[in-house]
Number of protein chains: 10
Amino acid sequence: MSNIVTLPLACSKLLREKARCKLSFAQIASHIGHDEVWTAALFYGRATPTLKDIHQLADLLNLSAESLEDDFRMAGPPTREVDVSGKTDPVVYPFQEAIALYAPAIRTVIAEKLGDGAVCSAAMKVRVEKVSRAKGNDVRLVLESKHTPFQSW
Amino acid sequence: MSNIVTLPLACSKLLREKARCKLSFAQIASHIGHDEVWTAALFYGRATPTLKDIHQLADLLNLSAESLEDDFRMAGPPTREVDVSGKTDPVVYPFQEAIALYAPAIRTVIAEKLGDGAVCSAAMKVRVEKVSRAKGNDVRLVLESKHTPFQSW
Amino acid sequence: MSNIVTLPLACSKLLREKARCKLSFAQIASHIGHDEVWTAALFYGRATPTLKDIHQLADLLNLSAESLEDDFRMAGPPTREVDVSGKTDPVVYPFQEAIALYAPAIRTVIAEKLGDGAVCSAAMKVRVEKVSRAKGNDVRLVLESKHTPFQSW
Amino acid sequence: MSNIVTLPLACSKLLREKARCKLSFAQIASHIGHDEVWTAALFYGRATPTLKDIHQLADLLNLSAESLEDDFRMAGPPTREVDVSGKTDPVVYPFQEAIALYAPAIRTVIAEKLGDGAVCSAAMKVRVEKVSRAKGNDVRLVLESKHTPFQSW
Amino acid sequence: MSNIVTLPLACSKLLREKARCKLSFAQIASHIGHDEVWTAALFYGRATPTLKDIHQLADLLNLSAESLEDDFRMAGPPTREVDVSGKTDPVVYPFQEAIALYAPAIRTVIAEKLGDGAVCSAAMKVRVEKVSRAKGNDVRLVLESKHTPFQSW
Amino acid sequence: MSNIVTLPLACSKLLREKARCKLSFAQIASHIGHDEVWTAALFYGRATPTLKDIHQLADLLNLSAESLEDDFRMAGPPTREVDVSGKTDPVVYPFQEAIALYAPAIRTVIAEKLGDGAVCSAAMKVRVEKVSRAKGNDVRLVLESKHTPFQSW
Amino acid sequence: MSNIVTLPLACSKLLREKARCKLSFAQIASHIGHDEVWTAALFYGRATPTLKDIHQLADLLNLSAESLEDDFRMAGPPTREVDVSGKTDPVVYPFQEAIALYAPAIRTVIAEKLGDGAVCSAAMKVRVEKVSRAKGNDVRLVLESKHTPFQSW
Amino acid sequence: MSNIVTLPLACSKLLREKARCKLSFAQIASHIGHDEVWTAALFYGRATPTLKDIHQLADLLNLSAESLEDDFRMAGPPTREVDVSGKTDPVVYPFQEAIALYAPAIRTVIAEKLGDGAVCSAAMKVRVEKVSRAKGNDVRLVLESKHTPFQSW
Amino acid sequence: MSNIVTLPLACSKLLREKARCKLSFAQIASHIGHDEVWTAALFYGRATPTLKDIHQLADLLNLSAESLEDDFRMAGPPTREVDVSGKTDPVVYPFQEAIALYAPAIRTVIAEKLGDGAVCSAAMKVRVEKVSRAKGNDVRLVLESKHTPFQSW
Amino acid sequence: MSNIVTLPLACSKLLREKARCKLSFAQIASHIGHDEVWTAALFYGRATPTLKDIHQLADLLNLSAESLEDDFRMAGPPTREVDVSGKTDPVVYPFQEAIALYAPAIRTVIAEKLGDGAVCSAAMKVRVEKVSRAKGNDVRLVLESKHTPFQSW
């Protein structure tokens with residue numbers, strides 16, 4: 001919760017009420033009919049809610065729908081600038097490291113399966129799954145997006 | 001195929017014969033009983049084959065199993081140093097960008113689902129899937145690994 | 001022509017014959033029915049030709065179509081990794097500098113005109129135009145691509 | 001609207017009133033007789049207004065022309081330092097990536113069309129256009145500036 | 001104590017009381033039944049206490065166990081992002097320098113002793129020992145963790 | 001063995017003969033009476049052998065002691081410049097990451113145990129140990145060096 | 001002369017003959033009717049000669065004008081990418097350091113003298129002068145270029 | 001005026017009064033008998049005034065000479081650390097770019113004219129001149145300093 | 001005095017009183033029986049005083065010895081992390097530049113005079129001397145520390 | 001001797017003959033009447049010899065004076081670009097680290113002793129001394145150069 005500070009007002013409000021209501025993202029996500037990661041992304045200022053999303057959240061977290069709506073309008077579209085570099089951490093970094101390690105393999109397999117194209121940022125969906133194994137748990141990260149063939153002109 | 005140059009001899013041999021035999025990684029992977037991405041990773045010097053893998057590859061690609069075995073022994077264990085930064089490309093980068101964009105969401109959702117822990121590099125499995133949609137294709141990248149709780153001492 | 005060295009064989013062949021035949025990219029582009037920038041991108045290893053493109057180029061530049069085809073197959077799909085940073089030059093850099101300078105303006109105007117979305121790498125078309133003015137020439141760079149709305153999930 | 005904070009006072013005033021009046025840059029631009037991107041650049045502190053621009057803006061946004069004039073004089077000429085590097089985002093970055101990807105092609109085509117010269121920063125004009133296509137929208141970014149031949153001395 | 005500022009409230013409370021009570025980490029560690037380095041890591045926001053740890057610390061440092069518990073819950077799981085680079089210092093840097101200097105030796109000796117695998121971040125234990133020698137003291141840093149063999153898939 | 005290329009001649013000779021004789025560093029180290037890591041460091045050009053070390057190595061690996069001596073004299077003292085940054089790998093990096101993560105804890109515990117001082121680079125000893133546990137193996141890295149109190153002047 | 005290696009053939013020829021003929025840039029510059037710095041820039045691959053320049057150089061340095069012409073055509077337009085950073089040296093760096101040190105002063109004085117505009121890269125002329133003083137020599141670096149007012153659009 | 005914030009008190013006072021009195025640096029410089037760039041550098045905290053300079057400034061700008069003197073004493077000698085890298089801007093950067101572009105030429109011409117030596121930072125004088133041309137204005141930047149021959153020892 | 005802000009309280013107190021008492025470091029150093037550079041380092045938070053040092057300073061600068069002692073205890077051991085890079089300045093940088101320029105010479109001469117070893121950080125003493133010459137002053141920087149031979153193990 | 005490769009021919013000749021003659025820099029320096037560090041700097045391409053220096057070296061090392069003279073003329077003035085950053089090593093780095101650590105102290109003490117000025121690169125002399133102490137050796141690095149007061153203009 002330490003990164004509330006630099007978030008838009010709408011987001012810090014949501015995170016504070018989530019903490020107060022002791023709700024998990026799984027619970028909130030099922031209430032508003034979205035995936036957990038997307039719901040968390042919304043709370044961290046990386047996604048755009050519809051009016052319906054805002055009203056359902058206001059309802060669940062005892063916030064004024066109207067002022068939450070205002071807060072989101074003031075915040076404008078999410079800033080999606082990222083800097084893929086530098087810091088490592090033991091939860092998210094291993095996935096990025098694996099993609100970097102297997103990059104030539106991934107690139108070639110995608111080219112063989114889908115042709116010479118690009119992967120779309122806007123259509124990317126990210127899902128986290130817990131997989132229970134005999135000797136502890138696995139975590140599965142599923143990333144899926146549109147593949148567009150390169151065009152000549 | 002432009003990056004053959006800096007690969008160990010064993011790998012450039014494999015890549016050259018794959019090209020000559022016009023085999024896809026899907027075909028090779030099914031022959032040696034592994035996933036396509038792992039198979040491609042082996043060809044790009046990022047994975048360690050068993051003796052059985054080497055013999056099946058030699059068989060499929062008309063190579064001397066003995067000398068291929070020697071080449072792999074000379075190459076030693078794969079160098080797995082990666083540098084997650086700098087360059088962007090339109091196939092692999094969008095996945096890294098999505099992980100960076102949704103990092104706080106992913107980290108929190110994993111913490112809520114599996115507790116305070118770390119994701120294991122060595123057990124990471126990477127799979128590429130083609131998903132046919134009404135308006136073109138999606139590409140799905142599935143990353144799965146062991147999750148280990150942090151320990152005090 | 002100094003950067004031929006690190007290009008795939010197919011590309012350095014094309015560049016060498018272009019120089020020998022004293023043809024401009026405008027002339028070559030009109031022969032193969034593509035835009036000049038795309039044609040130049042093909043010669044610099046940043047685009048994928050069709051079989052028809054290869055045959056027309058071989059024809060124009062007195063090359064063996066068959067061996068040119070082989071060279072392109074060996075080169076595989078173009079490596080499109082780029083590093084947007086560091087060096088400045090007086091022809092290309094001013095365009096990147098202008099995009100960086102006006103980035104908040106461009107981002108907001110696009111959001112107002114087309115909504116919250118992403119711009120597609122694979123569908124990007126780049127065109128250079130010469131505009132004759134009373135006091136010398138202007139150069140116009142036109143970039144156009146697909147705009148995809150962000151999706152929740 | 002999150003980047004108001006580091007802008008000069010004149011700019012944050014303008015952005016606040018624009019939000020309050022629910023005006024788009026298209027509406028404001030047509031009122032002051034400039035292009036949308038230039039108008040947005042002015043609001044984001046990257047351009048210099050004339051006295052007439054200031055008075056028309058004050059008029060449209062119900063601000064005191066006199067104090068807006070004072071605010072712009074205090075702010076002085078725009079700081080135009082940019083850092084073309086590091087962060088990626090899904091709206092502006094694809095254009096920079098395309099310029100970097102096609103840089104050798106763009107440089108050579110410009111040299112062939114206009115000779116050995118440089119592109120002028122000060123005269124650069126940037127325009128955003130929405131192009132409606134059968135399957136959704138395209139976004140077109142047009143950059144145009146003066147081309148000056150290199151001189152010996 | 002200069003880095004209290006950016007620590008979560010729970011940590012700055014602990015560090016302040018430690019200073020007030022003039023207790024060393026050795027004394028605190030022996031009270032709560034953990035190693036000194038782990039105990040110090042907890043005070044610097046890099047480890048997660050159990051409820052029992054919190055109560056023992058509150059007890060030893062005359063803090064309200066309840067509000068300390070609240071503070072830790074608000075702080076959430078520790079942020080473990082690190083940036084292994086840049087700055088040098090005369091206490092910690094020589095260990096990192098030695099690991100970098102002897103990296104190829106360490107990597108090969110580990111491969112020869114334990115096979116082709118990875119070292120686990122989450123299970124890493126760090127211990128500092130003072131070794132008295134005839135001509136002054138040695139400091140010994142012991143790092144131990146789980147080694148996991150690489151898996152094909 | 002891929003990094004032989006940039007090593008001094010003496011080192012590549014040693015590494016080649018080690019491979020030919022199928023000896024592990026454990027076997028070589030026990031022959032010359034040194035630790036495995038130091039022995040591997042010598043083979044990778046990071047340590048200085050005595051004349052006795054050279055003669056024992058020449059003896060074990062069937063090399064001419066005289067020419068090995070010449071090769072080491074020509075190579076001069078090892079270059080010990082290191083760059084602690086950038087690349088991550090799954091064997092050595094987790095140790096550096098742990099030192100960075102626990103740096104404030106390590107620094108303070110060392111200060112409490114040994115006072116305000118510095119750790120000596122030249123006296124650093126590095127040891128790798130395999131620890132067999134019920135559920136697989138642990139790897140232990142032990143770093144030990146002289147601690148020198150800071151002096152005023 | 002150590003940087004001949006990476007220069008185009010035309011340039012290394014010129015530099016070699018200049019050394020053989022023991023001519024200074026002052027002598028060559030006066031022969032071809034250009035400034036010394038521009039002449040040196042031509043020899044270091046940073047400027048474009050006219051046909052007349054090439055013939056005068058060939059004449060002075062006993063080279064075949066025809067083959068020198070060919071060499072320059074093969075080299076194409078100069079690569080003018082620069083990287084203003086990193087290395088310091090005691091001759092050129094002090095000028096860059098002074099510009100950086102006095103940057104806010106220079107920027108404001110230019111704005112006060114010439115208005116809000118940009119300085120043109122292509123028209124930049126650079127001159128070195130030796131100024132004899134009572135106590136040794138001064139070196140004067142004169143940079144002059146076109147100043148273009150910023151334009152709205 | 002936006003960079004007043006990080007300047008010493010003495011400097012922000014001077015800049016504020018300059019704005020209030022609507023004086024240009026040319027006017028102030030002629031009043032205190034210095035060059036414009038040096039005067040501006042003084043206002044931006046990059047130069048050291050004499051007592052006489054301080055008194056003349058206080059007189060011109062209606063400040064208390066005594067307290068201005070105190071402010072300068074508190075500020076101490078100017079911090080002259082610079083970082084020649086990173087950001088580009090369209091007024092100062094083209095000069096740095098030209099020096100970088102022509103660096104080998106400048107270095108060699110200086111060596112031919114003045115011998116093997118270094119340029120002095122402390123004695124560097126920087127002057128800006130406006131040169132009116134038929135088709136608009138040129139800006140001339142003149143840098144001059146002492147040249148000291150390298151000495152053996 | 002501009003860098004007081006980020007210093008521990010004890011240091012900013014000392015620097016403020018030094019300014020108020022108009023004492024030079026030479027005067028303070030002679031009072032407390034240390035070298036000037038060490039004394040200045042203490043004031044800038046880079047050295048550890050003894051109790052006797054603290055009392056002598058409190059005495060000289062009219063501070064409460066007791067509260068100064070408390071301030072130093074709260075500040076803990078000095079943070080000695082440094083970042084040898086980036087910025088240049090005309091007083092300290094020329095010494096670092098000279099060490100970098102002559103590094104291979106210095107390294108070899110030390111190896112020839114003292115053998116294969118390392119230089120100790122903790123024992124480093126730094127002294128500044130003014131040397132009056134016929135034509136102005138020289139500044140001499142003397143660095144001296146313990147040299148420890150590399151050890152095998 | 002590993003860095004001979006990138007040195008000018010004159011330097012690699014000198015270093016090779018020094019090794020063949022088994023002479024130390026101390027011996028060579030005393031033969032040519034210079035300091036050891038300057039002599040080593042000359043061998044590593046960082047200094048300019050006089051004709052007399054060249055003849056004395058040729059004489060001592062059994063080289064042809066004439067061809068050594070030619071080699072030095074071809075090499076031209078030494079490239080003195082340095083990059084003070086990045087890599088650490090245990091012999092030279094501790095001196096740079098100490099200068100960085102004590103930079104504010106050194107800067108202020110120099111300002112108090114010699115006034116507001118700059119240190120001259122060209123006049124820098126570097127000396128290495130071995131100091132025998134009761135418990136081993138110290139190494140002393142002495143750097144001395146001209147100090148020039150900053151000038152207004």
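# Notebook: hairpin, copies and salt bridges

**Entry 1, a hairpin in chain C.** I started with S2(C) and S3(C), which make a hairpin with two residues between them. This is a predicted model, so I am reading it as one. The two strands are S2 (residues 125-133) and S3 (residues 136-149) of chain C; they run antiparallel and nine bridges join them. I looked up one pairing by name: C:Arg133 has C:Gly136 in S3(C) as its bridge partner.

Which helix of chain A has the lowest confidence, and which the highest? Confidence is lowest in helix H5 (residues 65-75) of chain A, with a mean of 86. At the other end is helix H4 (residues 51-61) of chain A, at 95. For the complex, the predictor gives an ipTM of 0.89 and a pTM of 0.83.

Chain A is split into domain 1 (2-75) and domain 2 (93-149). I looked up how far apart they sit: taken over C-alpha atoms, the centres of domain 1 and domain 2 of chain A are separated by 27 Å.

I checked chain C against chain D. A rotation of 180 degrees, with 0.0 Å of shift along its axis, superposes chain C on chain D with an RMSD of 0.0 Å. The two copies are therefore related as by a two-fold rotation axis. The same surface serves both copies, as 100% of the contact residues of chain C recur in chain D.

Chain I is superposed on chain J by a rotation of 180 degrees with 0.0 Å of shift along its axis, and the RMSD is 0.0 Å. I also looked at the interface residues: 100% of those in chain I are interface residues in chain J too, so these copies meet through the same surface.

Over all chains, the structure holds 120 salt bridges. As background, side chains of opposite charge can pair when their charged atoms come close.

The side chains of A:Glu17 and A:Arg20 meet in a salt bridge at 3.5 Å, N to O. A:Glu17 and A:Arg20 are about one helical turn apart, because they are separated by three residues in helix H1 (residues 9-20) of chain A. Are the two partners buried or exposed? A:Glu17 counts as buried because its relative accessibility is 12%, under the 20% cut-off. A:Arg20 is at 58% relative accessibility, so A:Arg20 counts as exposed.

Next I went to chain E. The side chains of E:Asp70 and E:Arg73 meet in a salt bridge at 2.7 Å, N to O. Both lie in helix H5 (residues 65-75) of chain E, three residues apart, which is about one turn of the helix. E:Asp70 is partly exposed, at 37% relative accessibility. E:Arg73 also counts as partly exposed, at 48%.

G:Arg140 has a relative accessible area of 22%, so I put G:Arg140 down as partly exposed. G:Glu129 is partly exposed as well, with 21%.

I also found a network. Salt bridges that share partners join A:Arg127, A:Glu129, A:Arg133, A:Asp138, A:Arg140 and B:Glu144.

I ended on J:Ala29, which lies in helix H2 (residues 25-32) of chain J. J:Ala29 counts as buried because its relative accessibility is 3%. What does J:Ala29 touch, leaving aside its neighbours within four places in sequence? J:Ala29 is in contact with J:His34, J:Asp35, J:Glu36 and J:Thr39. I also looked up J:Ala40: J:Ala29 and J:Ala40 are 11 residues apart in sequence and 8.3 Å apart in space, C-alpha to C-alpha.

How values were computed. Residues are numbered from 1 along each chain as its sequence is written. Chains are lettered from A and ligands numbered from 1 in the order in which they are written. This is a predicted model: local features need pLDDT of at least 70, side-chain atom pairs count only at pLDDT 80 or more; totals for chains, interfaces and linings use all residues. Side-chain values use heavy atoms; hydrogens and water are left out. pLDDT is the predictor's confidence in each residue, from 0 to 100. Helices (H or I, at least four residues) and strands (E, at least two) are DSSP runs, numbered from the N terminus. Copies are superposed by least squares on the C-alpha atoms of residues with pLDDT of at least 70 in both. Contact means heavy atoms within 4.5 Å. Domain bounds come from an automatic or database domain assignment. Two strands pair if DSSP finds at least two bridges between them. A salt bridge is a side-chain nitrogen of Lys or Arg within 4 Å of a carboxyl oxygen of Asp or Glu. Buried means under 20% relative accessible area, exposed over 50%, partly exposed in between (1.4 Å probe, protein chains only).
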